Each structure stands twice: as structure tokens, then as C-alpha cells.
Amino acid sequence: MSKLRYSVIFGEIRPEISERISLGIIIYDGRQFKVRYSEKKLKLLKSLFTEKEYAFVSKMIRTLSKNELINSESVINYLSRYSNNLVSVSKLQSIDVEVSEKNIDWLYNNYVYRC
């Protein structure tokens with residue numbers, strides 16, 4: 001059984017006090033990377049960020065979700081170490097459950113947004 005591996009994508013609301021909101025997750029199933037994010041939470045940032053900041057965060061999340069950047073564990077490790085002050089990514093974590101849509105949905109619902 002392969003382990004489910006994931007990383008959480010955060011919007012940094014007030015970095016000086018570590019206030020942030022989870023926007024999405026990166027899932028690694030052993031073969032490929034998938035990104036899911038909450039459009040509702042992303043839109044919520046419009047009222048918290050300037051127009052320019054929101055445009056940057058929105059573009060970055062959408063770019064990540066198209067898998068244009070994430071193609072290896074080293075990319076996630078890089079993003080977790082060298083994030084900017086608006087978006088951050090947690091280190092890749094693993095949980096001892098099988099990779100399935102049900103478990104991915106559970107992870108998304110608990111860390112990002114309950115559908």
C-alpha cells in the first residue's frame with residue numbers, strides 16, 4: 001500500500017503574526033502531483049489583500065493547479081523553504097492511508113474546505 005502524501009498551500013494574511021488561511025493542497029500519489037484549491041477561499045482574499053496582491057496570489061494558485069510548476073518532490077521542498085510573504089507551502093507530509101479519491105476528498109475537506 002502506498003502512502004498518501006500532501007502539502008498544504010496557504011495564503012499569508014498577516015505574516016508578522018503567522019496568520020494564514022489554507023487555500024489548497026498538493027497531493028502526491030507516488031506517480032503524479034495533483035493540486036486542488038478552494039475558489040471560495042481564494043475569492044475571500046479579495047477583501048483582505050490589495051488588488052495587486054490578490055492578482056498575484058490568484059495567478060500563483062491557478063498556475064500551481066495547472067501543474068505547470070510541480071513535477072517533483074524537490075519542487076515542493078523548494079516552495080516550502082522559499083515562499084514569499086503572500087503564499088506559502090508546507091513541507092510534504094505523509095499519512096498511512098491508501099491513495100484513493102475518498103481519502104483525497106477527506107484530506108481536502110479537513111485541511112482546505114468542506115464541500
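This is a predicted model: local features need pLDDT of at least 70, side-chain atom pairs count only at pLDDT 80 or more; totals for chains, interfaces and linings use all residues.
View 1. Helices here are DSSP runs of H or I with at least four residues, strands are runs of E with at least two, and both are numbered from the N terminus.

**View 2. One face of helix 4.** Look at residues 101–111, where N103, I104, L107 and Y108 are buried. Buried means under 20% relative accessible area, with a 1.4 Å probe and protein chains only. Down the helix axis, these buried residues fall within an arc of 140°, so they line one face; the arc uses directions from the axis to the C-beta atoms. An α-helix has 3.6 residues a turn, so residues three or four places apart point the same way.

**View 3. What helix 4 packs against.** The buried residues of helix 4 pack against strand 1 (4–14), strand 2 (19–28), strand 3 (33–37) and strand 5 (93–95). Contact means heavy atoms within 4.5 Å. Across the protein, buried residues make up 40% of the 115 residues.

**Notes.** Residues are numbered from 1 along each chain as its sequence is written, and side-chain values use heavy atoms, leaving out hydrogens and water. Local features need pLDDT of at least 70 and side-chain atom pairs count only at pLDDT 80 or more, while totals for chains, interfaces and linings use all residues.

Definitions and conventions. Buried means under 20% relative accessible area, exposed over 50%, partly exposed in between (1.4 Å probe, protein chains only).
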